[in-house]
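Subject: Structure handover

Hello,

Here is the structure I promised to pass on. Please open it alongside this note.

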Amino acid sequence: MTEAAYDTDNIFAKILRGEIPSHRVYEDDAVIAFMDVMPQGPGHTLVVPKAPSRNLLDADPSIFSHLLSVVQKVALAVKKAFGADGVTVMQFNEPASGQTVYHLHVHVIPRFDGIPLKPHTGGMEKPEILVGNAEKIRSALQS
Ligand code: AMP
């Protein structure tokens, strides 16, 4: 089956263009990372390449090396910032997989022994909690 084309009005494209706000923790020329507004755990962060692609399946492979290096950086930072026991890294492709926003992104979620993930796209987190968590991650990235 042919997959749909990239939609330039998807919500992450709007965040990348600065048209809607996000709680950013990292940015370079090719990648940004910001807090997931419906976190599956405290510190749930999304790492997003700036290059437009719907998901992993249509992305230019030349972006993967740098993207994954930022995923590692953010994973280390969230582990440190939240004193986590581990980190889950997830990425979904097309609706059947659970993808809901059609711009490639990688989920980075601190994990704690014995504590399950909350549901995917469950409840909205309070903005003040996201602000505080973003600050913790930014500090960990700088140290
Ligand atoms: P996926 O199902 O892999 O496409 O995940 C999309 C993720 O984006 C979900 O975890 C949502 O909670 C999250 N999300 C949706 N809208 C926003 C937004 N405006 N800012 C930050 N995260 C968002």
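This is a predicted model: local features need pLDDT of at least 70, side-chain atom pairs count only at pLDDT 80 or more; totals for chains, interfaces and linings use all residues.

The ligand sits in the largest pocket. Helix 1 (11–16) and strand 2 (31–35) are the elements that give two or more residues to the shell around the ligand. Helix 1 supplies the largest share of that shell, with three residues.

There are 18 residues around the ligand, and Asp36, Thr100, His105, His107 and His120 come nearest.

- Asp36: a side-chain N or O atom is 2.5 Å from an oxygen atom of the ligand.
- His120: the distance from a side-chain N or O atom to a ligand oxygen is 2.6 Å.
- His105: a polar side-chain atom lies 2.8 Å from a ligand oxygen.

On its own, the ligand has 500 Å² of accessible area, and the protein covers 93% of that.

The loop residue

Now Gln99. You will find Gln99 in the loop between strand 4 (86–90) and strand 5 (106–111). Is Gln99 buried or exposed? Its relative accessible area is 4%, so Gln99 counts as buried, the cut-off being under 20%.

What does Gln99 touch, leaving aside residues up to four places away in sequence? The list is Arg54, Asn55, Phe92, Asn93 and Glu94. With Glu94 there is also a polar contact: a polar atom of the Gln99 side chain lies 2.6 Å from the backbone nitrogen of Glu94.

Best wishes

Methods
Residues are numbered from 1 along each chain as its sequence is written. Side-chain values use heavy atoms; hydrogens and water are left out. Helices (H or I, at least four residues) and strands (E, at least two) are DSSP runs, numbered from the N terminus. Buried means under 20% relative accessible area, exposed over 50%, partly exposed in between (1.4 Å probe, protein chains only). A polar contact is a pair of N or O atoms within 3.5 Å; within protein, one must be able to donate a hydrogen and the other to accept it, and residues adjacent in sequence count only if both atoms are side-chain atoms. Contact means heavy atoms within 4.5 Å. A residue is near a molecule or strand if one of its heavy atoms lies within 4 Å of it. Accessible areas come from the Shrake-Rupley method with a 1.4 Å probe; for residues, only the protein chains shown count as cover. On a 1 Å grid over the protein atoms alone, a cavity is a set of points where a 1.4 Å probe fits but cannot get out, and a pocket is an open set with protein on both sides within 12 Å along at least five of seven lines; lining residues have an atom within 4 Å of a point. A molecule sits in a cavity or pocket if more than half of its atoms lie within 2 Å of its grid points.
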